[in-house]
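Welcome, and please open your viewer. This tour goes from stop to stop, with something to select at each one.

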Amino acid sequence: MTFDLVENALHSLREAISYYTEADEGQNADQFKFSVLLTCHCAELLLKEILVRNHPALIYEDIDKIGNIDREADRQTVGYRLALLRVKNLCGVDLKQYEDYLVELGQTRNTVQHYADTEMKRKAIQQAANKL
């Protein structure tokens with residue numbers, strides 16, 4: 001089974017919506033976490049699709065090394081923040097009212113994924129889920 005970037009993004013979005021609708025403030029509150037992670041994954045993939053459509057090399061972290069890497073598997077793609085910056089600065093996409101939300105979504109995803117379960121993390125998840 002293969003997905004292109006857009007199909008993969010839409011699959012993540014469908015799953016994010018599913019987790020969100022299953023979540024509540026009680027026993028299923030963890031579902032909000034997965035909804036945030038998958039929503040950010042969707043956004044990252046769509047940003048990468050914009051990069052690829054502008055120039056295939058833009059999806060890679062270190063553009064200068066692309067010609068010197070033999071295997072596709074060894075090529076590191078850009079992360080969320082760099083993809084967002086490149087879409088804005090190199091592709092000329094005006095993100096308008098979405099930019100602040102996308103930045104906040106990325107920050108929340110990092111909090112959710114990389115930090116211990118704290119009250120701050122729970123609040124970040126809930127705030128992000130309320131914006132979905």
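A term to have ready before the first stop: a salt bridge is a side-chain nitrogen of Lys or Arg within 4 Å of a carboxyl oxygen of Asp or Glu. Side chains of opposite charge can pair when their charged atoms come close. Please keep in mind that what you see is a predicted model.

**The whole chain**

Begin with a cartoon view of everything. The chain has 5 helices and 0 strands, so the order of elements from the N terminus reads α-α-α-α-α by the DSSP runs. Of its 132 residues, 33% count as buried. Searching the whole structure turns up 3 salt bridges, and the next stops visit them.

**Stop one: Glu44 and Lys48**

Select Glu44 and Lys48 and show their side chains. These two form a salt bridge, with 3.2 Å between the closest N and O atoms. Both residues belong to helix H2, where they sit 4 residues apart, about one turn of the helix. Are Glu44 and Lys48 buried or exposed? Glu44 counts as buried because its relative accessibility is 16%, under the 20% cut-off. Lys48 is buried too, with a relative accessible area of 9%.

**Stop two: Glu49 and Arg53**

Stay on helix H2 and select Glu49 and Arg53. Here the salt bridge has its closest N and O atoms 2.7 Å apart. Again the spacing is 4 residues within helix H2, about one turn of the helix. Colour the two by accessibility if your viewer can do so. Glu49 counts as buried at 16% relative accessibility, whereas Arg53 is exposed, with a relative accessible area of 64%.

**Stop three: Lys88 and Glu99**

Now select Lys88 and Glu99. Their side chains meet in a salt bridge, at 2.9 Å from N to O. This pair links distant parts of the chain: Lys88 is in helix H3 (residues 80-89) and Glu99 is in helix H4, 11 residues apart. Lys88 counts as partly exposed at 38% relative accessibility, and Glu99 counts as partly exposed at 22%.

**Stop four: the second largest pocket**

Switch to a surface view and look for the second largest pocket, which holds about 190 Å³ of space. To find the place, select the residues that line this pocket: Leu13, Thr39, Cys42, Ala43, Leu46, Leu47, Ile50, Tyr101, Leu102 and Leu105. Which helix gives the most to the lining? The answer is H2, with 6 residues. Helix H2 (30-54) and helix H4 (98-114) each supply at least two residues of the lining.

Keep Leu13 selected from the pocket lining. Leu13 is part of helix H1 (residues 5-22). With a relative accessibility of 32%, Leu13 counts as partly exposed. Together with Leu13, they make a nonpolar surface patch of about 240 Å².

**Looking back**

Key:
Residues numbered from 1 in each chain as written. Predicted model: local features only at pLDDT ≥ 70, side-chain atom pairs only at ≥ 80, totals over all residues. Heavy atoms only, no water. 1 Å grid on protein atoms, 1.4 Å probe; cavity = no way out; pocket = protein on both sides within 12 Å on 5 of 7 lines; lining within 4 Å. Points joined across faces, edges and corners; volume = space filled by probe spheres on them. Patch = residues over 30% accessible without salt bridge, like charges linked within 9 Å, V, L, I, M, F, W, Y side chains within 5 Å. Areas by Shrake-Rupley, 256 points an atom, 1.4 Å probe, with all protein chains shown as cover. Buried < 20%, exposed > 50% of the residue type's maximum accessible area, 1.4 Å probe, protein only.
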